[in-house]
Amino acid sequence: MTQNQHLHIAGRWQSGISTVENRNPSDLSDLIGHYDQASAEQLDQALDAAREAQPVWWAAGIQKRHDVLMAIGTELMARAGEIGRIIAREEGKPLAEGKGETYRAGQFFTYYAAECLRNQGDLAESVRPGIEIDVRREPVGVVAIVSPWNFPVATPAWKIAPALAFGNAVVWKPANLTPASAVALAEIIARQDIPPGLFNLVLGSGREVGQRLVESPKVDAISFTGSVGVGRGIAAAAVANMTKVQMEMGSKNPMLIMDDCDLDLAVTHAANAAFGGTGQKCTAASRLIVHSTIHDQFAERLVAAAKAFKVGHALQDGTQIGPVVSESQLAQNLAYVEKGRAEGAELLCGGDRVERETQGYFMAPAVLAGTRNDMTVNREEMFAPITCLIKADNYAEALSIANDSQFGLTAGIMTRSLSRASHFRANMRAGCVMVNLPTAGTDYHVPFGGRGASSFGSREQGRYAAEFYTSVKTAYVAAGAPE
């Protein structure tokens, strides 16, 4: 790739019509680079190239697709340290998390490499004599992928890998906050032996490039991860073209802390779920619903755990919580803390900007107590290292509070009771439920998604991804009698 050419369109690296600045949120003096922005014409070029490349890729066969995806995944895992450092530098998550994210991205590609060889259909008997029926899966065509900044390699990987595995072409618009990670992943994919235009990286703003992409009649399916507001806009745009849509959006994940739990384990899991990744993940536990008989004891231990986290430069040894991703995100986080206090919550710790050796967007993890489920901080996704304590007098009340939300992505319970755990698994309205585990940390080979405003469309990950990235065809054949 030539320097200052960050768009990969129709098999070539290209420059854009403008650039955006990319700085390290751990050290604002560290300029990572300037990254190209695509024009409307370049986006159209990418879409046209994708439509030409897709049938060529489908015709290449399952062994070819397997080999390409396996090569991508193997290289990602081998370069986890290098690419993880890029993620840490531009997104702000600690280096260990960046490495882990990159390795997991590689696992998505190797998993779907194997799925290429398992793309099998069904045979069915007809109700009419002399007729044979087969059911097969075929690619949907051109898939537009719009991915967020908080997992800049893993999230696109779990979309791009199945898209390619099932024979589709891809036009990918990543978030502008993390362009270096996007380019690193794109370089690995682009160097494979694939048809020109099969994979396209189109950096640009959501208002211009993103909107034009999701409104295009040249797109057959859209996979989006981001906010509820943007997701609703994408769904409305897609309806005009009857475009298939899959969306993962906001969350307000509850964790029930019951009076019979292992308290030490509950504190550990709650703290990690609430503050891991600086709270900037859709699976963060931001509502901790605590049984009233152990509330004060749990709160005291949680505050101690929050204060013990080392907040610092993402590349510094020992850092457990890096900076938030941007100045605007930090301002929003601090505003949520003040909003919670204004509505009657008590700030037990953190919630302020902290200074370090380098100038960055560092924030101390916050615990808000005395909150009610109707408060803003318990209704809206904050995407911040902030968690809220809500008292409940019994399990039934705690479950009712947990289900009182427009969201339904993940939910957890800490308990030693088999009956409570079983009831929770059956009656919690969420796409993923965890028993004696953090709400975060989902496996890559099983489906991921939620209910309500958290998700729309079929599930991501695992074999369930085929529902979105393929179209089902039923074929009837009357062969006649042999002569």
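Where is Ala 10 found? Ala 10 sits in the loop between β1 (7–9) and β2 (12–14). Strands here are DSSP runs of E with at least two residues, and helices are runs of H or I with at least four, numbered from the N terminus. The model is predicted, so local features need pLDDT of at least 70, side-chain atom pairs count only at pLDDT 80 or more, and totals for chains, interfaces and linings use all residues. Residues are numbered from 1 along each chain as its sequence is written, and side-chain values use heavy atoms, leaving out hydrogens and water.

Stay with Ala 10. Its phi is positive, about 55°, although Ala 10 is not a glycine. Ala 10 counts as partly exposed because its relative accessibility is 22%. The classes are buried under 20% relative accessible area, exposed over 50%, and partly exposed in between (1.4 Å probe, protein chains only).

Met 242 also has a positive phi, near 55°, and is a residue other than glycine. Met 242 lies in the loop between α8 (228–241) and β11 (244–248). With a relative accessible area of 72%, Met 242 is exposed.

Now look at Asn 24, in strand β3 (residues 18–24). Asn 24 has a relative accessible area of 1%, so it is buried. Leaving aside residues up to four places away in sequence, Asn 24 touches Asp 30, Ile 32, Arg 89 and His 313. Contact means heavy atoms within 4.5 Å.

Next, a helix pair. Two packed helices are described by the angle between their axes and the distance between the axes. Helix α7 (residues 206–215) and α8 have axes that come within 8 Å and cross at roughly 35°. Axes are lines fitted to C-alpha atoms, for helices over the stretch in contact, with angles from 0 to 180 degrees between N-to-C directions. From α7, Gln 211, Val 214 and Glu 215 meet Ile 234, Ala 237, Ala 238 and Asn 241 of α8. By class, this contact has four nonpolar, two polar and one charged residues.

Finally, the domains. The protein divides into domain 1 (7–249 + 454–475) and domain 2 (253–435), with bounds from an automatic or database domain assignment. Their C-alpha centres lie 31 Å apart. In the interface, 25 residues of domain 1 contact 27 residues of domain 2. The two domains bury about 2000 Å² between them, 60% of it on carbon and sulfur atoms. Buried area is the accessible area (1.4 Å probe) that two parts lose on being put together, summed over both.

Notes:
Nonpolar A, V, L, I, M, F, W, Y, C, P; charged D, E, K, R; others polar.
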